[in-house]
Amino acid sequence: MSGPNFSMPAGYVWQYHLIVWMQAYEAPWLTRLVDIFARYGTEGVYLLVLPVIFWSIHRRFGLRLGFVLLASMYVNNWLKVAISVVRPAGVPGIRTMAQATGPGYSLPSAHTQEALTFFGALAMALRKARGWAWVGAFLLATVVGVSRIYAGLHWPVDVLLGLALGVVFSTLGWLVGKWWTYRNYPFSVRATIGLLLGIILLVFHRGVVSLEYASWMLGGTIGLLFEERFVGSDLLPNLWRRVCTALIGMAGLIALQWVIQWPTDIVWSLIARGMLVGAWCTLGAPYVFVQCGLYQRTGTTEGVH
């Protein structure tokens, strides 16, 4: 097969041909499937689900899943800006679908990486059929990645790197998070390490998106430390209480986003906003739940060093 009639980096010629070949089989049902993956496979959907898991299903599991996924998103966006590979959208001969779901740079594929990180981590949490569940998560992420190639929004290499990073975060990231969860280190040690990591991510961010993720993680870490120190709460078994925590927590999160209309082009404003959102999830909402009788008090670490 001859190459395109315009210049391209050598490593992208075969990728160009693969996209063109895939799009030759364009069909309405495939386009609808691509649109579904594009709309419901974004980080916004995951970021709505994570607080609900933390508030209403399982605190420790939700916390671990949240930090693993946010770390994965941070690394993805950091690499996008650092490598700065342009998407295939607009390249002659390649059609682009659902373009609004593919802003910014291309490498690695966020849809692919986030899908494998999220569902792979869910699989890792299972005690039975963990291997099969993880294979299912990998296949799902692969289908998502292929749909992004078909949509003309990613090069094949973007998807391959997204899968590789998804494997790392859904396995090693999850195991490290599990290991840390069960370490009974003194509060001062956990606070120092947590804050230090959050500040490092904040300082070495690249671009607005990774700055937001770092801010959410730092704010969530600070909120978590204050919650453990001065609130000390946990879920109650009643279903109606858990439904109420999800509704109230999400309402508070939406209200916070609506009230904080600070400039988005100022670094300190983005950091403060992100930290407040993170702190609401791990401190503000649990405190409200305790006051409303939706959470039980489990004791604090105040005075424990």
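Predicted model: local features only at pLDDT ≥ 70, side-chain atom pairs only at ≥ 80, totals over all residues.

User: Which polar atom lies 3.0 Å from the backbone oxygen of Met73?

Analyst: It is a polar atom of the side chain of Asn77. Asn77 is found in helix α4, which covers residues 59–83.

User: Is Asn77 buried or exposed?

Analyst: Asn77 counts as buried, because its relative accessibility is 13% and buried means under 20%.

User: And what is Asn77 in contact with, leaving aside its neighbours within four places in sequence?

Analyst: Asn77 is then in contact with Arg206, Val209, Ser210 and Tyr213.

User: Let us change topic. How many salt bridges does a search of the whole structure find?

Analyst: The search finds four salt bridges. One of them joins the side chains of Arg95 and Glu26, with an N to O distance of 2.8 Å. This pair links distant parts of the chain, 69 residues apart: Arg95 is in the loop between α4 and α5, and Glu26 is in the loop between α1 and α2.

User: Where do Arg95 and Glu26 stand in terms of accessibility?

Analyst: Arg95 counts as partly exposed, because its relative accessibility is 39%. Glu26 also counts as partly exposed, at 41%.

User: What about Asp35, which residue does it form a salt bridge with?

Analyst: Asp35 forms a salt bridge with Arg39, and their closest N and O atoms are 2.8 Å apart. Both residues lie in helix α2, four residues apart, which is about one turn of the helix. Asp35 counts as partly exposed at 28% relative accessibility, whereas Arg39 counts as exposed at 52%.

User: Which residue does Glu227 pair with?

Analyst: Glu227 forms a salt bridge with Arg59, where the closest N and O atoms are 3.6 Å apart. Here too distant parts of the chain are linked: Glu227 belongs to helix α9 (residues 207–231) and Arg59 to helix α4, 168 residues apart. Both Glu227 and Arg59 are buried.

User: Now a helix. Why does the distance between the ends of α3 agree with its 14 residues?

Analyst: Helix α3 spans residues 43–56.

User: Which residues of α3 are buried?

Analyst: They are Tyr46, Leu50, Pro51, Ile53, Phe54, Trp55 and Ser56.

User: How far is Tyr46 from Leu294?

Analyst: Their C-alpha atoms are separated by 24 Å, and the two residues are 248 residues apart along the chain. Leu294 lies in the loop between α11 and β2 and counts as buried, because its relative accessibility is 6%. Leaving aside neighbours within four places in sequence, Leu294 is in contact with Leu236, Trp240, Arg241, Cys244, Thr245, Ile248 and Phe289.

User: What about the surface, which residues form the nonpolar patch?

Analyst: Among them are Trp179, Tyr185, Val189, Ile193 and Phe204, and the patch has about 990 Å² of accessible area together. Helix α8 (residues 187–203) gives the most to it, with eight residues. Trp179 lies in helix α7 (residues 156–181), and at 46% relative accessibility Trp179 counts as partly exposed.

User: One more topic, the backbone. Which residues does a cis peptide bond join?

Analyst: A cis peptide bond joins Leu107 and Pro108, with omega at about 0°. Pro108 lies in the loop between α4 and α5.

User: Which residue has phi near 60°, and where is it?

Analyst: That residue is Ser84, where phi has a positive value in a residue other than glycine. Ser84 is found in the loop between α4 and α5, and is partly exposed with a relative accessible area of 31%.

User: And which residue has phi near 55°?

Analyst: Ala129 has it, again a positive value in a residue other than glycine. Ala129 lies in the loop between α5 and α6 and counts as exposed, because its relative accessibility is 51% and exposed means over 50%.

How values were computed:
Residues numbered from 1 in each chain as written. Heavy atoms only, no water. Helix = DSSP H or I, 4+ residues; strand = E, 2+ residues; numbered from the N terminus. Expected span 1.5 Å × (residues − 1). Buried < 20%, exposed > 50% of the residue type's maximum accessible area, 1.4 Å probe, protein only. Patch = residues over 30% accessible without salt bridge, like charges linked within 9 Å, V, L, I, M, F, W, Y side chains within 5 Å. Areas by Shrake-Rupley, 256 points an atom, 1.4 Å probe, with all protein chains shown as cover. Polar contact = N/O pair within 3.5 Å; in protein donor to acceptor, adjacent residues only side chain to side chain. Contact = heavy atoms within 4.5 Å.
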